[in-house]
Every structure is written in structure tokens, then in C-alpha cells.
Amino acid sequence: MSKEHEEYIKKIKKEKLKVTIFRIAILILFIILWELLTDFKIIDPFLTSSPSRMIKSLLEFIENGTLFKHIFVTCYETIIGFTLGTVLGTLIAVILWYSPFTAKVLDPYLVVLNALPKVALAPIIIFWVGNGMGAIITITLLISVVTTIITVLTGFNGVDKGKLKLMETFGANKFQTLRYLVFPDNLQVLVSALKINVGLSWVGVIMGEFLVAREGLGFLIIYGGQISQLDMVMMSIIILSLIAYLMYLAVSKAEAIFKKSMN
């Protein structure tokens, strides 16, 4: 490694460290300001809660042993919905790519399903699946699967026509074209679909827990609002944000490792 290369890498690492420090500093300043504003009654802690009150609420849930159960339930539902939505959506996109005629027939239905608020289907889903975890996972699946189909299929159809013609000239069949051209050419699209589904899965799970759950972070949010315990609501929202961020970091890390292995 040349000296210039080493200096460039050091510069990049220094820049990343600088960004991280500023992010943490902004978060700490925000928390301190929030606490001070509530302590001096500049803002009403009943309406906005405060960091100290949320920590107190957190400790109470840890002491009674229910917090980790709520976190586990929500994470389990999210991971199942995320996995099913991504895998099923990608498989359907592959099928539609294989059959352009089927894709044209189903295109308006996909657009309508994508635009339709999934919460409108919740009563039907609850009636069909039952009032429990199955309904929550189904709602999550519906939210993520249509977006995955549209995103992945658009990427597949956007492959360079010249490359497709070249594969056809060499006698490649559909499966070979998919394996050796379409999939490699759309790795970034697939990763983007994963990142999108992280957020959509959380939306679906929390929406489902609002409607039918008796446990989970979404249940704590809606229950805390019903009994005017905003400390519980804010605590649950913060925990949700942290877990969602960790999931995003995991997907980003997987993307970086995959890119490195491809190079």
C-alpha cells in the first residue's frame, strides 16, 4: 500500500469518526435540552414526557419482567413479516419477469394493492386469520410484499436490452439469463428492497398491534395513550426507533460485506 493510499484511508476514517461524534453530540444535546425544558416547566412533561421519566418507566417494566417479552414479540413478528415479504415478493417478481403476459395482466392489480391502505383490509384479515399474531404477520406481509414485487420487477425489466440480446444470441435460456445477468445486475435493487422492507415491516407490525395485540411494543403505545401514560408511549417509541436502527445497520453491514465479496 502506497503512502498516498494510507493517507487517503486515514482521511476517510477520520471523516467517518467526525460524523459519528457529531451525531452523538447532537443526540446528547437534544436529550439534555429536553430534560431541562421539562424540569423548568417550559414544556409540559405530561404532554411530552422527559428522559428521566422514560428511564423510570423503563426500569419499572424491567423490574416486573414484561419489557423483554414485549420487545421479543414485536421483533419476532417483524422478522417473520420482513422475511416472508422479501422472499415471497422476490419470487413473485421472478415469475412475472418469466411471463411478461402475466405481468401485464396483473399490473393494474399490483398498482391498486400498492395504493390501497392496508389498514382498510385489517378487519377482513382479522376475520380470516383470527385475532392474534397471525393477523399481525399477515398485515405486515401485505404491506411489504407488493412493494417488493414492484421494486424488484422494475429492476429486472430495466436490464440493458443489449445484454439480454447478447445472452439470447449465445443460446441462454430464461433461467440462465436470470442467474447470470438479471440477478447480478440487480443486486443493488435487491438490497434497496431489503432496506425499504425494514421500515415497512415495522409499520405493518405496529399497525397490527394497534388493532389486535395484547402484547408487544405497539400494544404498549396504544395502551399507554388510552390510560394517559405518555412516559410509556415515549419509552416504547424510543425502543422501537433503536431496534429499527439496529436492523437497518444489520442490512447495511450485510450489503457492505456482500459488495466486498463481489469485488
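Predicted model: local features only at pLDDT ≥ 70, side-chain atom pairs only at ≥ 80, totals over all residues.
Residues are numbered from 1 along each chain as its sequence is written, and side-chain values use heavy atoms, with hydrogens and water left out.

Axes are lines fitted to C-alpha atoms over the stretch in contact, and angles run from 0 to 180 degrees between N-to-C directions. The crossing of α4 and α10 is right-handed, that is, the near helix is turned clockwise from the far one by less than a right angle. Contact (heavy atoms within 4.5 Å) involves residues including Gly-81, Phe-82 and Gly-85 of α4 and Ser-201, Trp-202 and Val-205 of α10. The residues of this contact comprise nine nonpolar, eight polar and two charged; Ala, Val, Leu, Ile, Met, Phe, Trp, Tyr, Cys and Pro count as nonpolar, Asp, Glu, Lys and Arg as charged, and the others as polar.

Helix α10 also packs with helix α7 (residues 133-157), at about 160° and with the axes 7 Å apart. The two helices α7 and α10 are therefore roughly antiparallel, and their crossing is right-handed. Their contact divides into 13 nonpolar, ten polar and one charged residues.

Helix α8 (residues 161-169) and helix α9 (residues 174-185) pack at about 160°, with axes 10 Å apart, and are therefore roughly antiparallel. Lys-163, Leu-164 and Met-167 of α8 meet residues of α9, among them Tyr-180 and Asp-185.

The largest pocket holds about 630 Å³ of space. A pocket is an open set of points on a 1 Å grid over the protein atoms alone where a 1.4 Å probe fits, with protein on both sides within 12 Å along at least five of seven lines; lining residues have an atom within 4 Å of a point. Among the 17 lining residues, Leu-27, Ile-31, Ile-238, Ser-241 and Leu-242 are the closest to the centre of the largest pocket. Helix α1 gives the largest share of this lining, seven residues.

Conventions. Points joined across faces, edges and corners; volume = space filled by probe spheres on them. Helix = DSSP H or I, 4+ residues; strand = E, 2+ residues; numbered from the N terminus. Parallel < 35°, antiparallel > 145°, perpendicular 65-115°, else oblique.
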